[in-house]
Amino acid sequence: MSWREALNDDGAKVARRERWEERVKLLEGRAEAARAVLDGAAPCPPIVNDRIGRASAAVETAARVAEHNYPPYASAHEAYGVLVEEVAEFFDEVRKKSHLRSKLAMKNEAIDIGAVALRIVALCEEGGPW
Ligand SMILES: [Mg+2]
């Protein structure tokens with residue numbers, strides 16, 4: 001590997017790390033904003049696109065169905081395990097070649113992830129059994 005290739009390789013690593021750090025900052029900012037809304041410290045942002053409303057409704061419905069059919073998570077570890085299982089199911093679909101990937105299956109797994117996350121948030125909000 002020439003010095004130029006090594007430099008480019010390091011440059012690519014730095015660029016990837018910078019993009020990753022920007023992404024983490026963006027996600028942390030979103031989580032902070034969501035916590036502020038949950039705590040009542042900030043107003044809920046206005047609805048600008050109905051797809052978020054429809055997605056939220058789907059996640060809420062799935063969470064309510066799960067809440068009706070299953071007991072609350074007995075521990076933080078159980079909640080984590082269920083969440084990881086749903087993320088793994090999402091990844092099973094994502095890692096397929098694009099022509100074999102099903103958007104419906106990805107959407108359903110994303111809804112499952114959201115429903116589990118919503119139940120975890122609700123349990124944390126009410127103090128949780130853990
Ligand atoms: Mg699932």
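Modeller: Start with the contacts, and keep in mind that this is a predicted model. Among contacts between residues at least 6 apart in sequence, 62% join residues at least 24 apart.

Colleague: What pattern do the helices follow along the sequence?
Modeller: The protein has 4 helices and 0 strands.

Colleague: What is the radius of gyration of the protein, against that of a compact globule of 130 residues?
Modeller: The C-alpha atoms fill a box of roughly 60 × 40 × 35 Å along the principal axes. Buried residues make up 7% of the 130 residues. A compact globule of 130 residues would come out near 14 Å, but the protein has 19 Å.

Colleague: How far apart are the C-alpha centres of domain 1 and domain 2?
Modeller: The domain assignment gives domain 1 as 1-45 and domain 2 as 47-130. Their C-alpha centres are separated by 23 Å.

Colleague: How many residues of α2 are buried?
Modeller: Helix α2 covers residues 50-69, which is 20 residues. Its end-to-end C-alpha reach is 29 Å, close to the 28 Å expected at 1.5 Å a residue. The helix is hardly covered, and its count of buried residues is 1.

Colleague: Is A58 buried, partly exposed or exposed, and why?
Modeller: A58 is found in helix α2. Buried needs 20 or more C-beta neighbours within 10 Å, and exposed means 12 or fewer. A58 has 16 inside 10 Å, so A58 counts as partly exposed.

Colleague: At what angle do the axes of α2 and α4 cross?
Modeller: On the α2 side, the residues that meet α4 include A58, A62 and A66. The axes come within 8 Å, in a right-handed crossing, at roughly 65°.

Colleague: Why can residues spaced along a helix point the same way?
Modeller: The answer lies in the helical repeat. Residues three or four places apart point the same way because an α-helix has 3.6 residues a turn.

Colleague: Which helices do the buried residues of α4 pack against?
Modeller: Helix α4 has 23 residues and reaches 32 Å, close to the 33 Å expected. Its buried residues are E109, D112, I113, A115, V116 and R119. They pack against α2 and α3.

Colleague: Which residue with a positive phi follows α4?
Modeller: Helix α4 itself runs over residues 103-125. The residue in question has a phi near 95°, and its name is G127.

Colleague: How far is the C-alpha atom of V87 from that of A34?
Modeller: V87 lies in helix α3. With 17 C-beta neighbours inside 10 Å, V87 counts as partly exposed. V87 and A34 are 53 residues apart along the chain, and their C-alpha atoms are separated by 21 Å.

Colleague: And how far is the C-alpha atom of A76 from that of W130?
Modeller: A76 is also found in helix α3. A76 has 14 C-beta neighbours inside 10 Å, so A76 counts as partly exposed. A76 and W130 are 54 residues apart along the chain, yet the separation of their C-alpha atoms is 6.4 Å.

Technical notes
Residues numbered from 1 in each chain as written. Predicted model: local features only at pLDDT ≥ 70, side-chain atom pairs only at ≥ 80, totals over all residues. Domains from an automatic or database assignment. Helix = DSSP H or I, 4+ residues; strand = E, 2+ residues; numbered from the N terminus. Expected span 1.5 Å × (residues − 1). Rg over C-alpha atoms; globule rule 2.2 N^0.38 Å. Contact = placed C-beta atoms within 7 Å. Axes fitted to C-alpha atoms, helices over the stretch in contact; angles between N-to-C directions. Left-handed = near helix turned anticlockwise from the far one by under 90°.
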